[in-house]
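Please look over the sequence and the model below before reading on. The notes that follow are grouped by topic and are meant to be read beside the structure.

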Amino acid sequence: MATWKPTNSKLTEKGVEILNKVSVGSGKLQISKILAADGSVAESALYSSTSLAGTTHQMSLSKVVARLEGSEVSFYISNDGISSPFHLRQIGIFVSHPDYEGDVLFHISQCDEAGHDVIPVSDGNVTNYGYTVYLSHSNNVDVSFTVSPTGCIQKIQKAHVGE
């Protein structure tokens with residue numbers, strides 16, 4: 001099982017920019033997708049990351065719990081459709097914002113080099129592997145979550161997001 005240290009889970013540089021804009025009322029933070037990746041980068045490169053390393057797979061949101069001090073975002077990856085074992089080393093939360101083009105890597109988590117999670121090929125039984133990231137910040141920001149039809153959460157307003 002992978003070890004996910006807090007020092008390897010952080011807002012990206014662009015994520016901080018967007019959060020600062022939203023915190024002062026400039027636009028709205030729209031969390032658009034969550035991806036898993038099989039690559040990794042040096043810990044010192046996480047903050048400046050604009051994409052995940054290696055091959056990616058879509059993850060699905062399963063639950064969001066909004067609290068005064070932040071949001072707990074739960075999501076999963078399914079082994080349905082995986083044709084070879086997937087070595088999950090990174091998780092990225094992407095957002096859209098009116099001042100930026102396309103999806104922007106907002107938050108990145110990377111497990112220790114010593115180990116990672118392996119999502120096996122389905123043997124006929126589909127299995128979901130769940131994860132949770134806690135996003136917090138001292139200021140209220142307007143946040144909404146967009147999910148695919150496979151997700152099961154509703155729009156959340158006035159959640160806290162950050163490192």
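**Helix, strands and cores**

The buried residues of helix H1 pack against E1, E2, E6 and E7, where buried means under 20% relative accessible area, exposed over 50% and partly exposed in between, with a 1.4 Å probe and protein chains only, and contact means heavy atoms within 4.5 Å. Helices (H or I, at least four residues) and strands (E, at least two) are DSSP runs, numbered from the N terminus. This is a predicted model, in which local features need pLDDT of at least 70 and side-chain atom pairs count only at pLDDT 80 or more, while totals for chains, interfaces and linings use all residues. Residues are numbered from 1 along each chain as its sequence is written, and side-chain values use heavy atoms, with hydrogens and water left out.

**Helix H1**
- In H1, which spans residues 13-23, the buried residues are Gly15, Ile18, Leu19 and Val22.
- These residues cover an arc of only 100° around the axis, which puts them on the same side of H1; the arc is that of the directions from the helix axis to the C-beta atoms.

**Strand E7**
- Seven of the seven residues of E7 (residues 104-110) are buried, so this strand is largely enclosed by the rest of the structure.
- E7 runs antiparallel to E1 (residues 9-11), to which three bridges join it, and Lys10 has Ile108 as its bridge partner in E7; two strands pair if DSSP finds at least two bridges between them.
- E7 also runs antiparallel to E6 (residues 90-96), here with six bridges, and Val95 has Val104 as its bridge partner in E7.

**Ser49**
- Ser49 lies in the loop between E2 (29-37) and E3 (56-67), and at 10% relative accessibility it counts as buried.
- Not counting residues up to four places away in sequence, Ser49 touches Thr12, Val41, Leu105 and Ile108.
- Although Ser49 and Gly15 are 34 residues apart in sequence, they are 9.9 Å apart in space, C-alpha to C-alpha.

**Nonpolar cores**
- The largest nonpolar core has 27 residues, of which Ile34, Met59, Phe75, Ile77, Leu88 and Tyr131 touch the most other members; such a core is a set of buried Ala, Val, Leu, Ile, Met, Phe, Trp, Tyr and Cys residues joined through side-chain atoms within 4.5 Å.
- E2 gives the most to this core, with four residues.
- Leaving aside neighbours within four places in sequence, Tyr131 is in contact with residues including Trp4, Val73, Asp117 and Ile119.
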